[in-house]
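Visitor: Could you take me on a close look at one part of this model, the inside of the fold? I would like to see how a single side chain sits there and then how its surroundings are built.

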Amino acid sequence: MNTKSLYQEVILDHNRKPRNYGILDNASHHAVGHNPLCGDRLDIALNLSGEHINHIAFHGESCAICKASASMMTAAVKGKTRADAEILIQEFRDMALGKLNLDGHHHLGRLTVFAGVRDLPTRVKCAILPWHTLHAALNSVTTTSTEVTDDSMHAPVDSAS
Ligand code: ZN
């Protein structure tokens, strides 16, 4: 299957049946992310048990790309450690910005369907917002925006923790 039709199929599937969509009771970590360029607003909540992300949920108002990215992200990080999630956040961000060598070693798996957004500058932030918001939540930053230049999105992941 070519990349473009796989991409469209994944976006449709995750919009029809978003994974981990809803509100999490008793979340230990939580953040709201906003992408004013598109109007995306996401609320991400998770529960850490030790270093593991036991539960994660998202809800909000967003475009299809943002929602699909959030849905796939929650499925990808659920059960993982905080450190593994931060690696995925960094890799996804690098991929969306066209800085990741997709043929090299990475952990993105099916998330590579989003690689094409690097050629769509107006959609890059839609795809990154869920990851940006997860990063904020894991670091106990409760509100974030893709337009804040001095926040954690623009700092190396490992220096922000
Ligand atoms: Zn969007």
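**Around Phe-92**

Guide: Happy to. Leaving aside residues up to four places away in sequence, Phe-92 touches Ser-69, Leu-108, Leu-111, Phe-114, Ala-127, Ile-128 and Trp-131. Please keep in mind that this is a predicted model.

Now let us step back from that one residue. Phe-92 belongs to the largest nonpolar core, a set of 43 residues. Phe-92 is also among the residues with the most contacts inside this core, together with Leu-46, Ile-53, Ile-65, Val-77, Phe-114 and Leu-134. In soluble globular proteins, nonpolar side chains tend to be buried together.

Which elements build the core? Two or more residues each come from helix H1 (3–16), strands E2 (40–49) and E3 (52–61), and helices H2 (64–77), H3 (82–96) and H4 (121–138). The greatest share is that of H4, which supplies ten residues.

Those elements are part of a chain with four helices and four strands, arranged along the sequence as α-β-β-β-α-α-α-β. With a radius of gyration of 14 Å, close to the 15 Å that the globule rule gives for 161 residues, the chain is therefore as compact as a globular protein of that length. Its C-alpha trace spans about 40 × 35 × 30 Å along the principal axes.

Two further values complete the view. Of the 161 residues, 45% count as buried. Among contacts between residues at least 6 apart in sequence, 57% join residues at least 24 apart.

Note on methods
Residues are numbered from 1 along each chain as its sequence is written. This is a predicted model: local features need pLDDT of at least 70, side-chain atom pairs count only at pLDDT 80 or more; totals for chains, interfaces and linings use all residues. Side-chain values use heavy atoms; hydrogens and water are left out. The radius of gyration is taken over C-alpha atoms; the globule rule is 2.2 Å times the number of residues to the power 0.38. Buried means under 20% relative accessible area, exposed over 50%, partly exposed in between (1.4 Å probe, protein chains only). Contact means heavy atoms within 4.5 Å. A nonpolar core is a set of buried Ala, Val, Leu, Ile, Met, Phe, Trp, Tyr and Cys residues joined through side-chain atoms within 4.5 Å.
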